[in-house]
Amino acid sequence: MDFTPTEEQEAARELAGRIFADLATHERLRAAGTGTDAELWKALCAAGLPGAVEETGLLGLVLLLEEQGRRTAQVPFAASCVYGILAVARHGTEEQRSRLLPGLRDGTTVVTGALPAPGAVTSRDDGRLSGAVDWVPWLRDATHVLVPDEDRVLWLVRTEDAAAVEAVELTAPWAAARLVLDGTPAERLGQGGPSSHDDVLAAARIAFAGLQAGVCAGSLARAVEHTSVREQFGRPLSTHQAVQLRAADAHMDTEAIRVTAYEAAWRFDEGLDASRAALTAAWWASEAGKRVVHAGQHLHGGTGADLDHPVHRHFLWGRQLDAYLGCGTELLAELGDLLAMGDLS
């Protein structure tokens, strides 16, 4: 395994870091409310970063999502890249790729995913879907949504064709909505069945684990900065052993999320079985992620209780990612079932 970024991956990460740092400021995030920062999304697409994922792979996307997570930038970058660009590029027909990928690259087409949603949606022989998914991230800002049916076949649905897109508020401001389908026309993604579904779900778990690594890194960086300048009993908080130990534990948890996401993404890009690695990365992102964002708030003391403080945004994102990834016990149970069915090596 070699996680060293290529020149292309490193260049894309540096560019993303600069754009997020310039535009995803606390003031702009407050102004965005629960929706997408349209100017930031336009800047990312103008820089060619969504399209770059086709060349840099899932590991490249994880690196970009780390930069987004550090700033908790409100753009559907993870969703549109993993459910849109990667899903269409890997599983779409040649006609679907030529029709959909240009819009996905320039940001005029935004895809999100109603995954995982086992058994929530049924399909008919004529390709019409019925059912409901209680909440789908970034659905209010999406032009299409990737939906699995009861047989784990993937379908692309135009959001304007849905029976209803009902806004819901999540812990994090992800422009989410409830998706209601009632005989809604849909387009099958490629000719794949369950294997395509499992591939996309694994990629999503890895990508959102990478996003969580960035959220945790940003939370910890804010805590380090705060404890280095805040004094108690005549010396900085960072010189107290209890603070150092809490920060060290958070650092180790963050690195565990990062390295498991990197390994899973590397396996995915190399064409190796990444299902178990994806679940492992998701488990660390879920379990360790919530520990880190709780530590970030705790290390801010009373300041961490301020709902308007930037560190609180990291807390909200960390808890939302914990829920979106499936929560640790669910992921561990699925991983156990997967291990029980196959080779443990």
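A nonpolar core here is a set of buried Ala, Val, Leu, Ile, Met, Phe, Trp, Tyr and Cys residues joined through side-chain atoms within 4.5 Å, where buried means under 20% relative accessible area with a 1.4 Å probe and protein chains only. This is a predicted model, so to speak: local features need pLDDT of at least 70, side-chain atom pairs count only at pLDDT 80 or more, and totals for chains, interfaces and linings use all residues. Residues are numbered from 1 along each chain as its sequence is written, and side-chain values use heavy atoms, with hydrogens and water left out.

**Cores**
- The largest nonpolar core has 89 residues, and Leu 61, Phe 77 and Tyr 83 touch the most other members.
- Helix H7 (residues 194-229) gives this core its largest share, 15 residues; helices (H or I, at least four residues) and strands (E, at least two) are DSSP runs, numbered from the N terminus.
- Beyond its neighbours within four places in sequence, Phe 77 is in contact (heavy atoms within 4.5 Å) with Trp 41, Leu 44, Leu 49, Pro 50, Leu 61, Leu 64, Leu 65 and Gln 68.
- There's also a second, separate core of 16 residues, with Val 136, Val 145, Val 157 and Leu 179 among them.

**Sheet S2-S3-S7-S6**
- These 4 strands make an open sheet in that order, with antiparallel pairing; two strands pair if DSSP finds at least two bridges between them.
- Strand S2 (121-123) and strand S6 (164-167) sit at the edges with a single partner strand each, so one side of each has no neighbour in the sheet.
- S2 and strand S3 (residues 128-136) run antiparallel and are joined by 3 bridges, and Val 121 has Gly 131 as its bridge partner in S3.

**Sheet S1-S4-S5-S8**
- Pairing is mixed in this open sheet of 4 strands, and its edge strands, S1 (111-113) and S8 (187-188), each pair on one side only.
- Strand S5 (residues 154-158) pairs with S8 in the antiparallel sense over 2 bridges, and Leu 156 has Glu 187 as its bridge partner in S8.

**Largest pocket**
- A pocket is an open set of points on a 1 Å grid over the protein atoms alone where a 1.4 Å probe fits, with protein on both sides within 12 Å along at least five of seven lines; lining residues have an atom within 4 Å of a point.
- The largest one holds about 540 Å³ of space, the volume being that filled by probe spheres set on the points, which are joined across faces, edges and corners.
- Its lining has 27 residues, and Arg 152, Asp 198, Leu 201, Arg 205 and Glu 334 lie nearest the centre.
- H7 supplies the largest share of that lining, 7 residues.

Key: Buried < 20%, exposed > 50% of the residue type's maximum accessible area, 1.4 Å probe, protein only.
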